[in-house]
Amino acid sequence: MMRNVQRAACAAIAVLCLSACSREPVANNESDLQPVTGTRIVSAEQGEWLSHGRDYAEQRFSPLTQINDQTVKELGLAWFAPLPTRRGIEATPLMADGVLYVTASWGHVLAFDARSGEPLWHFDPKVPKDYGVRGCCDAVNRGAALWGDKVYAASYDGRLNALDRNTGELVWQVDTRLNTEDPYTVTGAPRIVNGLVIIGNGGAELGVRGYVTAYDAESGEQRWRFFTVPGNPAEGFEDATQARIAKTWYGQWWENGKGGGTAWDSFAFDPALNLLYIGVGNGSSWNRKIRSEGKGDNLFLSSIVAVKADTGEYVWHYQTTPGDSWDYTATQHMILADIAIDGEPRKVIMQAPKNGFFYVLDRESGELLSAEKYMPVNWASHVDMETGRPVEAPGLRDGSFPGMIQPAPSGAHNWQPMSYSPKTGLVYIPAMVSGAIYADDFSAKDRGGVWNTNYAIAPMLEVPDAVPVEQRAQMGEMLLKSVLVARDPASNREVWRAEGGYFSSSGLLSTAGNLLFQGDLDGIFRARAADTGKVLWQTDVQGGLMASPMSYSLDGEQYIAVAQGWGGISGLPYGAVSGPRNMINISRLMVYKLGAEAELPSVEVTEQRLPKPTLEPGTDEQRAEGRELFNLYCSVCHGGNAISAGLISDLRYRINDLGDSWQAIVRDGAMASLGMPARGEFVSESEAEAIKAYVIEQARLGHERGEKRLVPAR
Ligand code: CA
């Protein structure tokens, strides 16, 4: 009965599910779903993938060997299924009891029969689309968590949803936000330890105070909350730790930017030590001169913090970037492993944060064991092993540092998960060569509802109009270039590397079959030999990939699953430097196995030329004012120079149609249901006209350059 209801609810998806989806009966029924427990996660059967990074150590290593460096050439598509959103997909699927669970943008959750791909149910959290502007980096979601008879995932607007694993029905829901005014978003996957659902949040680009909350998995009741930065001392500190870390902050940090330090992605858990590790993000505002009078370490920004899992009580921390001023988050993936260093077995935690150093720490004590550059870094020469602190480059803080700082705010490595293979002993990092120019900009202090970094950053948003299109693409690839790196964490030395294309390639999966799986933004999905990096298999998947693949096994067959959907930050502000790339958002789940021969449907694309604007481009003064306002309010989504990176509407292509309703769209929210929020609170009528004049001028310039783009024929 319930199954019929689910099928009806999934009819829309099922209709879209093309020939590759088999119609065999679902093998599992409700009684086949065994409760997920901590013991089950720790001792995961070979074929299971029960937690975000497979188990609490977050190694993203599958012990399965049927698909291996010899057999991988026989790998083919078993089935695929469309996902119901058209924004970036960053989720790692989970597999338990023959059911594959995956999240899509905004916090949608879907369940599929893991053998056949038959859709079982779909939960839509119904996030208002104009909430999208409250986040920095697309309405993504990185995954779900399993516990008992429920599956848990957060929605972009900060709700944590507990769903029935059988039906997808909502069992309980909590709003994880401190308040509804501040721009909190949740994109990370929950982790569940000792029956507590652990979840953080994002928002440090726009101005929030970071924290992590633990909720009872059964009831949704809050058990503890750990703040990663101190609040206003006048309101009283929550605990002794807050009082202590407040001594590392100056000025009125709780006012401009509220400190930041959001834990928006990574956690790891050591059940034996009963320690939960929290990866903490950047400061808000970014610029320490505004945030903290230009001084202080500003704990726990850019730190790994270990807390007692049952209480959230502080145990130790290591700060990767004291007094962060460049968006150098330490929210990047953390991996636990037991490795021999100088012949001595050590329990380590490893991280490659944005700042470009690869850190190996003792995870019991927090002792720094090694820190070496894994990508080009010039903000610091090295990490002093006596003090554990980076030795910063001369002039870095006073603004006399010449030229480009490496890495850029996008980092030498971002959220894309790493992988550690105990078999090769190597850590694989989906890294990036990156750099940016940061110039102080205090003009926008305390502005609401938009990025609040107190920097003008080049070339993230805008390049001079005179730079030819081809040169922009080269510029983009020079400043944001994917590199896949294999490092030996025992020696902290690189073993091999493979150069990639523009921006970061996808997250990683390593397997005991000596394989390493990764996709890229140009739509190629590859398997390499994990020991050498040699490409052994690849397939064209038609659209960009960002998420990590995973692997599972059922009835003696090994599968590789990957969720596809290009977007994220690479799909938003970088239009001026990404060039005319064929990055198309196709959102779907793809599952591979040996000998399978399903085919993806062909994607029809048409070339569209940028039309000549028919509207008057206003005065020089209007266009100059419009340019500044556009960079302030619009370019993070619609792209520098009003050139969209592809995910959000390119206004230049639509200005002739939108011109008449411009005021209603920009100020009154006429397109709020499509994601464009009402901006009347920030933008006056004449300012909206100035922005329009700038867009018309950018459309004219683009038209004269003969710009065109590829769009899917729908
Ligand atoms: Ca950030």
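Visitor: Is Asp 327 buried or exposed in this predicted model, and at what relative accessibility?

Guide: The model is a predicted one, and in it Asp 327 lies in the loop between strand 20 and strand 21. Buried is the term for a relative accessible area under 20%. Asp 327 therefore counts as buried, its relative accessibility being 5%.

Visitor: What is the phi of Asp 327?

Guide: Most residues other than glycine have a negative phi. Asp 327 is a residue other than glycine with a positive value, and its phi is near 70°.

Visitor: Where is Lys 126, and is it buried or exposed?

Guide: Lys 126 is placed in the loop between strand 6 (119-123) and strand 7 (145-147), and its phi, near 50°, is a positive value in a residue other than glycine. Exposed is the term for a relative accessible area over 50%. Because its relative accessible area is 62%, Lys 126 is exposed.

Visitor: Which peptide bonds are cis, and with what omega?

Guide: Most peptide bonds are trans. The bonds are Ser 284 to Ser 285, with omega near -5°, and Leu 299 to Phe 300, with omega near 0°.

Visitor: How far apart in space are Phe 269 and Leu 336?

Guide: Phe 269 is found in strand 16 (residues 267-270) and, at 4% relative accessibility, counts as buried. Leaving aside neighbours within four places in sequence, its contacts include Tyr 56, Val 193, Leu 276, Ala 309 and Leu 336. Phe 269 and Leu 336 are 67 residues apart in sequence, and their C-alpha to C-alpha separation is 8.2 Å.

Visitor: Why are the buried residues of helix 6 on the same side, and what arc do they cover?

Guide: The buried residues of helix 6 (residues 469-479) are Val 469, Arg 472, Ala 473, Gly 476 and Leu 479. They lie on the same side of helix 6 because the arc they cover around the axis is only 135°.

Visitor: Which exposed residues does the face of helix 6 turned away from its buried side carry?

Guide: The buried residues of helix 6 are covered by elements that include strand 28 (426-434), strand 31 (480-488), strand 32 (493-502) and helix 7 (575-578). The face turned away from that buried side carries the exposed residues Glu 470, Gln 474 and Met 478.

Visitor: What separates the C-alpha atoms of Ala 576 and Val 469?

Guide: Ala 576 is in helix 7 and is buried, with a relative accessible area of 2%. Not counting residues up to four places away in sequence, Ala 576 touches Leu 461, Val 463, Arg 472, Gly 640, Asn 641 and Ile 643. Ala 576 and Val 469 are 107 residues apart along the chain, and their C-alpha atoms are separated by 8.3 Å.

Visitor: Is helix 8 parallel or perpendicular to helix 12?

Guide: Helix 8 (residues 620-633) and helix 12 pack with their axes 7 Å apart, at an angle of about 95°. That angle makes helix 8, relative to helix 12, roughly perpendicular.

Visitor: What is the handedness of the crossing in which helix 10 passes helix 12?

Guide: The axes of helix 10 (residues 651-658) and helix 12 (residues 685-704) come within 9 Å and cross at roughly 120°, which means that helix 10 is oblique to helix 12. Leu 651, Arg 652 and Ile 655 of helix 10 meet residues of helix 12 including Lys 692, Val 695 and Gly 702. The crossing is left-handed.

Notes
Residues numbered from 1 in each chain as written. Predicted model: local features only at pLDDT ≥ 70, side-chain atom pairs only at ≥ 80, totals over all residues. Heavy atoms only, no water. Buried < 20%, exposed > 50% of the residue type's maximum accessible area, 1.4 Å probe, protein only. Helix = DSSP H or I, 4+ residues; strand = E, 2+ residues; numbered from the N terminus. Arc of directions from axis to C-beta. Contact = heavy atoms within 4.5 Å. Axes fitted to C-alpha atoms, helices over the stretch in contact; angles between N-to-C directions. Parallel < 35°, antiparallel > 145°, perpendicular 65-115°, else oblique. Left-handed = near helix turned anticlockwise from the far one by under 90°.
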